[in-house]
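Subject: Structure handover

Hello,

Here is the structure you will be working with next. My notes on it follow below.

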Amino acid sequence: MRRRIGMAATVLWAVLSFGARERPGVVWWSAPVNPGERVLVHGGAWGTNPVVEVTFLRNGRAGAPRPAEEAEFKRARRVCPEKVTETGVVFELPAEAEAGLAACRVVAEGAASEPFVVNEPAVWWVHGDLGAEASPGGWVRFFGRCLDRGGRARAVLTDEAGKRIEL
């Protein structure tokens, strides 16, 4: 009886161990990137034959970005990477797409990474004429990545009452 329980436990452990797959993990990606250009992705657990799924996002109104988790990957383009290393994947953003936001994820052996958005604006810090703040009629500067693509940048400020002011 003990022997059967021990063998059953061993078989269960083997099935669970070999069936468990680590999800690909993405920690950084290059940006800005135009259609037809290469995207470098840093992370790991790519598996043996990773594929990058790419779906292009429509622009929303300023100040109300959509989270990457809401991206629909059912009709995503599947792009084979040009190069795969232990910590990196290089793929071409499809050339026929329009410049803009692209939700991507790395899929390998049935597991997918968390989505990431190429060309997503990211504010790293803000500086105003009063340091961390700006005075009425003063100035404010935003520093970050992908903040102005083609001279169409917009910023939306919200006051304490919730009133939106688009700059």
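The structure, a predicted model, holds 2 aromatic pairs. Rings of Phe, Tyr and Trp (for Trp, its six-membered ring) are paired if their centres lie within 6.5 Å; planes under 30 degrees apart count as stacked, over 60 as edge-to-face and the rest as tilted. W29 and F116 have ring centres 4.9 Å apart and planes at 35°, so this pair is tilted. W29 is in strand β1 and F116 in strand β9 (residues 116-118), so the pair links distant parts of the chain, 87 residues apart. Both W29 and F116 are buried, where buried means under 20% relative accessible area, exposed over 50%, and partly exposed in between (1.4 Å probe, protein chains only).

For W125 and F143 the ring centres are 5.0 Å apart and the planes lie at 15°, so the pair is stacked. W125 belongs to strand β10 (residues 122-128) and F143 to strand β11 (residues 140-145), so parts 18 residues apart in sequence are tied together. W125 is partly exposed, at a relative accessible area of 49%, and F143 is partly exposed at 32%.

On conventions: the model is predicted, so local features need pLDDT of at least 70 and side-chain atom pairs count only at pLDDT 80 or more, while totals for chains, interfaces and linings use all residues. Residues are numbered from 1 along each chain as its sequence is written, and side-chain values use heavy atoms, with hydrogens and water left out.

Two arginines sit over rings; the criterion is NZ of Lys or CZ of Arg within 6 Å of the ring centre and within 35 degrees of the ring normal. R105 lies over the face of F73, 4.3 Å from the ring centre. R141 has its charged end over the ring of W139, at 4.5 Å from the centre.

N119 is located in the loop between β9 and β10 and is buried, with a relative accessible area of 4%. Its side chain makes polar contacts, meaning pairs of N or O atoms within 3.5 Å; within protein, one must be able to donate a hydrogen and the other to accept it, and residues adjacent in sequence count only if both atoms are side-chain atoms. The N119 side chain reaches the backbone nitrogen of V33 at 2.8 Å, and a polar atom of that side chain lies 2.8 Å from the backbone oxygen of G100. Leaving aside residues up to four places away in sequence, N119 touches A31, P32, V33, G100, L101, C146 and R149, a contact being heavy atoms within 4.5 Å.

As for secondary structure, the protein chain has 1 helix and 13 strands. Helices (H or I, at least four residues) and strands (E, at least two) are DSSP runs, numbered from the N terminus. An open sheet of 4 strands runs in the order β1-β2-β6-β5 with antiparallel pairing; two strands pair if DSSP finds at least two bridges between them. β1 (25-29) and β5 (83-84) are at the edges with a single partner strand each, so one side of each has no neighbour in the sheet. β5 pairs with β6 (residues 88-92) in the antiparallel sense over 2 bridges, and V84 stands opposite V89 in β6.

Of the 167 residues of the protein chain, 27% count as buried. The protein chain exposes about 11,700 Å², with carbon and sulfur atoms supplying 54% (Shrake-Rupley method, 1.4 Å probe; for residues, only the protein chains shown count as cover).

Regards
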